[in-house]
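Biologist: I am new to this structure and would like to learn how to read its features. Please give the general idea each time, then the case at hand.

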Amino acid sequence: MLFLVAALLLLGFALGTVAHAPLPVTLVAAAVIGVWLAVFAVRERRRHQH
């Protein structure tokens, strides 16, 4: 439960920051997060297949 609260607080902080960040910075951050999530998904899928 504490993890969920911390994640929501970080999400709110990130969304507030994105509202004030320039568009290129926002796009780079979104790309980095997207790659990180894709790598995580691939690792989880491989782990459950073995």
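Biologist: Is Ala-30 buried, exposed or partly exposed, and how is that read?

Modeller: Buried means under 20% relative accessible area, exposed means over 50%, and partly exposed is in between (1.4 Å probe, protein chains only). Ala-30 has a relative accessible area of 45%, so it is partly exposed. This is a predicted model, in which local features need pLDDT of at least 70 and side-chain atom pairs count only at pLDDT 80 or more, while totals for chains, interfaces and linings use all residues. Residues are numbered from 1 along each chain as its sequence is written, and side-chain values use heavy atoms, with hydrogens and water left out.

Biologist: Where does Ala-30 lie?

Modeller: Helices are DSSP runs (H or I, at least four residues), as are strands (E, at least two), and they are numbered from the N terminus. Ala-30 lies in helix H2. Between Ala-30 and Ala-14 there are 11 Å in space, C-alpha to C-alpha, at 16 residues apart in sequence.

Biologist: Which residues does Thr-26 touch?

Modeller: Contact means heavy atoms within 4.5 Å. Leaving out residues up to four places away in sequence, Thr-26 touches Val-18 and Ala-21. Thr-26 is in helix H2 (residues 23–49) and counts as buried because its relative accessibility is 19%. Buried residues make up 2% of the 50 residues in the protein.

Biologist: How many helices and strands does the protein have?

Modeller: There are two helices and zero strands. The radius of gyration is 14 Å, well over the 10 Å that the globule rule gives for 50 residues, so the protein is more spread out than a compact globule. That radius is taken over C-alpha atoms, and the rule is 2.2 Å times the number of residues to the power 0.38. The C-alpha trace spans about 45 × 30 × 5 Å along its principal axes.

Biologist: How many salt bridges does a search of the whole structure find?

Modeller: A salt bridge is a side-chain nitrogen of Lys or Arg within 4 Å of a carboxyl oxygen of Asp or Glu. The search finds one. In a salt bridge, the side chains of Arg-47 and Glu-44 meet at 3.5 Å, N to O. These residues are three apart in helix H2, so about one helical turn separates them. Arg-47 counts as exposed at 55% relative accessibility, and Glu-44 as partly exposed at 22%.
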